[in-house]
Structure formats: C-alpha cells, structure tokens
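Here are my notes on this one, as numbered points. Have the structure open while you go through them.

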Amino acid sequence: DNCNSYIDNDDTIYSKPDFTFNNDFIDYLKNQHIINEQLLIHTIPFPNHIISEKNKEIMRHILTPIRSFDEHINETIINLTLKKRSYEIIHIRFGDIYLIQKDKVIFTNKMKKITQYLQNLDINNTYLLISDNELVKKEIMEGYPFIKSLNNNILHTGEIDTFNIEELRNTMLEFYLMSYSTRITSFSIYKHGTGFSKWCAETYNIPYICKYFGE
C-alpha cells in the first residue's frame, strides 16, 4: 500500500501517520541484494509520519525553480490574471486510464460530487482548475467560465519510462502554481487520494482537503 488512508462519511480522504512503517521498510532493505555497494529500489509509499517544518524547509529549498523557469511561472500567473496567494486551486485526479492510456470516456456519475462542489463556489473568489483529464477540464470551463485554467499537455512523473521535456515542464508549472495558492480542494478517483496536490500542500503549508469520487 502506498499510504495508510481512510475515508470518512462525507468522502473526505485522510492519511493516518504510521510510525512503524519506517522500521518495517528498513528491515526490508536489510534483506535486499547489494550490488557494487549499491542498493537499488523503487518505492511509491507516501511519508507515514508527521513532517517537521525543518524538513519542509529543506524540500522547499530543493524545489526552488531556476531563474528562467521562475520567470516562466510569473509570466503564466500574469497571463492568467492571477496574483500570488490570492486564488484557490481545484485539483481533479481522474486517473491513469485517462492521463496515460488516453481513454476518452467520462462517466457522468463520477462527476456528481464535483458538480455539487462547483455549484456552491463563490463567483467573487478566484479559482484555478488543475486536472489530469482535458475532457473534464473543458466541460467544467464551459459550465463555470469564471474558473481559470491552462490547456497544456502534462504527464504522470511516476509512471513513465521516457518523457517529453515540454510535458514535464508543464507538469511542474502546475505544481508551482499550486504552491502559490491559498487553499487546495482536490477530488480523486483513488481511495488514497492524490499525491500531486497533497504533497504540494504539505510542503508549502497550504490548507488542503481531498474528496473521493471513485464510486
């Protein structure tokens, strides 16, 4: 499992810290084969402990964009007529079948919870929509024209053997746009939620909630 999650009665996804996880992982590593003094692993587990502010500061430093990309981020914010820390993010994770396999079918029943949320938005606030599904994004933009969004090809950084540098650049652009938001509301087809927005929120101390809409 890639997290220790549970879903409450209103479909909000939570992750419980599991302090035994790291010890179990170290025990596992001890039993693996070492080649040329190197241990090669691939793992997708989320951190299962409370993250200190010191460690967040380290990650924020590591994630500091280079100057040219920082300029690109700022230009995008201006083009979207946004101001840093004055907009909310709506993040919709519709699943790998759409992002990777490019499936074109959208199930209407999976949009109900999202639509209920959208109908209660304050049109006087500023919202930026981020999604792994361009069809869903287009449908929402047509119904709620006050919501802003980008129309860029993106990728799943954890599910690729080779990648298009422009798609990677676009994906990271969305990450940094989230980092300047005041709040992130996420919807995920997966019961574990979505790490893309969750760990951006954790790293930059942004209020965050994730709703499950997979059923």
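**Notes on the model**

1. Lys198 makes a salt bridge with Glu202, with 3.7 Å between the closest N and O atoms (a salt bridge being a side-chain nitrogen of Lys or Arg within 4 Å of a carboxyl oxygen of Asp or Glu). Both residues sit in helix 8, four residues apart, or about one turn of the helix. Glu202 counts as partly exposed, at 27% relative accessibility.

2. Some ground rules. This is a predicted model, where local features need pLDDT of at least 70 and side-chain atom pairs count only at pLDDT 80 or more, while totals for chains, interfaces and linings use all residues. Residues are numbered from 1 along each chain as its sequence is written, and side-chain values use heavy atoms, with hydrogens and water left out.

3. Now the overall picture. The protein chain has eight helices and seven strands (DSSP runs numbered from the N terminus: helices are H or I with at least four residues, strands are E with at least two). Of the 215 residues in the protein chain, 37% are buried. Take the contacts between residues at least 6 apart in sequence: 68% of them join residues at least 24 apart (contact means heavy atoms within 4.5 Å).

4. Back to helix 8, and its packing on helix 2. Helix 2 (residues 53-62) and helix 8 (residues 195-204) have axes 8 Å apart and pack at about 110 degrees (axes are lines fitted to C-alpha atoms, for helices over the stretch in contact, and angles run from 0 to 180 degrees between N-to-C directions). The two helices are therefore roughly perpendicular (65 to 115 degrees; under 35 is roughly parallel, over 145 roughly antiparallel, the rest oblique). Helix 2 contributes Lys56, Met59 and Arg60 to the contact, and helix 8 contributes Glu202, Thr203 and Tyr204.

5. Which salt bridges tie distant parts of the chain together? The whole structure has six salt bridges. Lys211 and Asp10 pair at 3.1 Å, N to O. Lys211 is in strand 7 and Asp10 in the loop between strand 1 (5-7) and strand 2 (13-15), so this pair ties together parts 201 residues apart in sequence. Lys211 counts as buried at 19% relative accessibility, while Asp10 is partly exposed at 43%. Lys113 and Asp11 also form a salt bridge (3.0 Å, N to O). Here the link runs from Lys113 in helix 5 (residues 112-119) to Asp11 in the loop between strand 1 and strand 2, 102 residues apart.

6. Please take a look at Glu88, in strand 3 (residues 88-93). Glu88 is buried but has no salt bridge, and Arg183, the nearest side chain of opposite charge, is 4.7 Å away (Lys and Arg count as positive, Asp and Glu as negative; His and the chain ends are not counted). Beyond residues up to four places away in sequence, Glu88 touches several others, including Tyr117, Asn125 and Arg183.

7. Last one: Ile206, in the loop between helix 8 and strand 7 (208-212). Ile206 is buried, with 9% relative accessible area. The C-alpha atoms of Ile206 and Ser179 are 7.7 Å apart, though 27 residues separate them along the chain. Outside four places in sequence, the contacts of Ile206 include Met178, Arg183 and Cys200.

Note on methods: Buried < 20%, exposed > 50% of the residue type's maximum accessible area, 1.4 Å probe, protein only.
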